[in-house]
Number of protein chains: 2
Amino acid sequence: MVAHSLRARVRAGMIDEIKAVARRHLATDGANLSLRAVARDMGMVSSAIYRYFPSRDDLLTALILEAYEALGDAVEAADAGVDQADLRGRWHAVCRAARAWALAHPAEYALLYGSPVPGYAAPEDTVAPAQRPPVTLVGILRDGVAGGRIDASGEELPEPLRSDVAELAALLAVDLPPALLARGMAGWTQLFGLISFELFGRINKTLPHRDEYFDHQTALMADLIGLPAA
Amino acid sequence: MVAHSLRARVRAGMIDEIKAVARRHLATDGANLSLRAVARDMGMVSSAIYRYFPSRDDLLTALILEAYEALGDAVEAADAGVDQADLRGRWHAVCRAARAWALAHPAEYALLYGSPVPGYAAPEDTVAPAQRPPVTLVGILRDGVAGGRIDASGEELPEPLRSDVAELAALLAVDLPPALLARGMAGWTQLFGLISFELFGRINKTLPHRDEYFDHQTALMADLIGLPAA
DNA sequence: GCTCGTCAAGAGCAGTGCTCTCGGTTTTGA
DNA sequence: TCAAAACCGAGAGCACTGCTCTTGACGAGC
């Protein structure tokens with residue numbers, strides 16, 4: 001099967017090269033990725049690309065998937081690199097990792113979290129990788145509750161909401177008090193908003209010390225969630 | 001000047017009709033607005049549009065400006081419709097108004113707060129209307145401090161950040177303790193994140209009671225900011 | 001009445017995603 | 001081993017896009 005493997009290998013290499021060139025175009029020209037430009041860059045004709053990706057959207061989907069995985073890797077690695085008992089340290093590490101990845105790959109971040117492309121619907125494959133960052137965050141909460149370092153027994157959600165959030169907790173397979181999960185979701189929402197504001201240029205120009213601002217804002221959310229200091 | 005006024009009037013009407021048709025296209029087809037399709041809808045030829053808008057980006061800019069104004073109107077009206085002493089009520093009213101406008105005009109919201117169009121740079125005219133919602137929010141804080149209903153004297157920001165935020169307060173012409181303004185900005189960031197998550201389909205399907213979820217999340221932020229109950 | 005500015009229309013250019021066909025190569029299976 | 005099948009790149013072509021330029025008609029002001 002060397003022959004078959006050889007053909008498959010050059011094909012896989014071709015796919016990788018197309019994705020690499022496309023990612024380069026994405027970084028420079030923004031979200032409007034041109035198949036013809038990618039083909040031109042590779043010394044090919046545009047129709048040849050269709051041997052490897054049935055449509056432009058499929059190429060985009062492949063890039064999106066890889067971007068989700070890269071972000072998930074960065075976030076989980078940051079979480080694993082901190083003393084697991086230091087909940088607040090993990091929280092900040094995860095937030096910083098997500099922001100750093102977004103700043104390093106703005107176009108890909110926009111692809112993931114920007115306004116959805118009109119005709120494009122994300123396939124089912126993307127939902128699992130997309131949930132890795134929030135799952136990492138709720139993992140911090142889970143460990144905190146399990147270790148007794150987060151006390152969430154005092155708060156109760158009003159009823160239509162409580163069962164919704166409880167169902168979400170069951171879906172995520174984490175045993176968390178709904179009120180605490182809701183606070184965690186607030187933190188995740190805030191993290192996304194912070195990064196998006198900074199990346200999409202809506203942060204006010206009068207904020208030169210962006211790192212400090214980011215850390216302070218995420219610290220506020222850590223307070224809101226109830227993460228204890230190390 | 002009746003004659004000239006007449007000519008100017010039909011021209012203004014033409015501009016309004018183009019914008020109306022474009023807005024309709026925006027609502028149905030999403031962000032990729034086609035000048036030719038707009039012209040076709042009006043029984044015109046595409047080149048005729050260029051008599052009124054020098055480019056597609058200029059049309060988009062006009063739509064963006066109007067959208068900012070509409071959102072600003074909705075937000076400020078909601079704020080004005082509540083007893084000004086009820087800070088928390090004003091906060092919730094503003095949040096709900098922003099969300100309602102976004103849900104009613106998803107494509108325009110995406111235009112304002114989605115990922116920026118690659119080649120497009122928002123002109124200077126848009127920054128003032130864009131600041132109306134956050135300015136409305138800090139207005140609530142200003143009133144709270146002035147009325148003694150918000151006590152923000154206890155918190156101090158660390159130094160590189162404190163002067164940044166203080167400068168921002170000066171730029172917004174509000175006399176707020178930096179720490180409080182930072183909390184307000186967290187609320188604004190959270191509001192944007194909440195709406196974007198819901199609109200861009202990232203909110204988990206297992207959350208049928210979205211109104212309750214939204215209210216609860218914004219209430220969390222009201223707590224964080226320190227808004228007193230009515 | 002004449003001139004000038006404004007207007008809609010049309011042709012045309014460069015670019016896009018995508019389809020189809022045509023040869024040539026490689027892999028496969030009898 | 002050798003033909004059949006699968007695969008591949010190139011090219012032409014379709015419908016579409018934003019945009020420019022020219023042409024001819026219309027209306028307002030001197």
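Predicted model: local features only at pLDDT ≥ 70, side-chain atom pairs only at ≥ 80, totals over all residues.
From the N terminus on, the elements of chain A run α-α-α-α-α-α-α-α-α-α-α.

Figure 1. The secondary structure of the chain amounts to eleven helices and zero strands. The C-alpha trace of chain A spans about 65 × 50 × 35 Å along its principal axes. Chain A has 230 residues, of which 49% count as buried. Of the contacts in chain A between residues at least 6 apart in sequence, 71% join residues at least 24 apart.

**Figure 2. Packing of helices H4 and H6 of chain A.** Helix H4 covers residues 56–80 and helix H6 covers residues 106–113. Their axes are 10 Å apart and meet at an angle of about 105°. Angles of 65 to 115 degrees count as roughly perpendicular, and H4(A) and H6(A) are therefore roughly perpendicular to each other. From H4(A), the contact involves Leu60(A), Ile64(A), Ala67(A), Tyr68(A) and Leu71(A). Facing them in H6(A) are Glu108(A), Leu111(A), Leu112(A) and Tyr113(A). By class, the residues of this contact between H4(A) and H6(A) are eight nonpolar, no polar and one charged.

**Figure 3. Aromatic pairs of Tyr113(A), with Tyr109(A) and with Phe192(A).** Over all chains the count comes to 15 aromatic pairs. In one of them, the rings of Tyr109(A) and Tyr113(A) have centres 5.1 Å apart and planes at 40°, so the pair is tilted. Both residues lie in helix H6 of chain A, with Tyr109(A) and Tyr113(A) four residues apart, about one turn of the helix. Tyr109(A) has a relative accessible area of 3% and is buried; Tyr113(A), at 3% relative accessibility, also counts as buried. Tyr113(A) forms a further tilted pair with Phe192(A), at 5.9 Å centre to centre and with 55° between the planes. This pair links distant parts of the chain, since Tyr113(A) is in helix H6 and Phe192(A) in helix H10 of chain A, 79 residues apart. Tyr113(A) and Phe192(A) are both buried.

Figure 4. H8(A) runs over residues 132–146 and has 15 residues. From first to last C-alpha, H8(A) reaches 20 Å, close to the 21 Å expected at 1.5 Å a residue. Its buried residues are Arg132(A), Pro133(A), Pro134(A), Thr136(A), Leu137(A), Val138(A), Gly139(A), Ile140(A), Leu141(A) and Gly144(A). Just after H8(A), Gly148(A) has a positive phi of about 75°.

**Figure 5. Helix H11 of chain A, with packing partners in chains A and B.** H11(A) has 16 residues. The helix reaches 22 Å between its first and last C-alpha, close to the expected 22 Å at 1.5 Å a residue. Buried in H11(A) are Tyr213(A), Phe214(A), His216(A), Gln217(A), Thr218(A), Ala219(A), Leu220(A), Met221(A), Ala222(A), Leu224(A) and Ile225(A). Within chain A, the buried residues of H11(A) pack against H5, H8 and H10. From chain B, the buried residues of H11(A) pack against helix H9 (159–171), helix H10 (178–199) and helix H11 (210–225).

Definitions and conventions:
Residues numbered from 1 in each chain as written. Chains lettered and ligands numbered in written order. Heavy atoms only, no water. Axes fitted to C-alpha atoms, helices over the stretch in contact; angles between N-to-C directions. Helix = DSSP H or I, 4+ residues; strand = E, 2+ residues; numbered from the N terminus. Parallel < 35°, antiparallel > 145°, perpendicular 65-115°, else oblique. Contact = heavy atoms within 4.5 Å. Nonpolar A, V, L, I, M, F, W, Y, C, P; charged D, E, K, R; others polar. Expected span 1.5 Å × (residues − 1). Buried < 20%, exposed > 50% of the residue type's maximum accessible area, 1.4 Å probe, protein only. Phe/Tyr/Trp six-rings, centres within 6.5 Å; stacked < 30°, edge-to-face > 60°.
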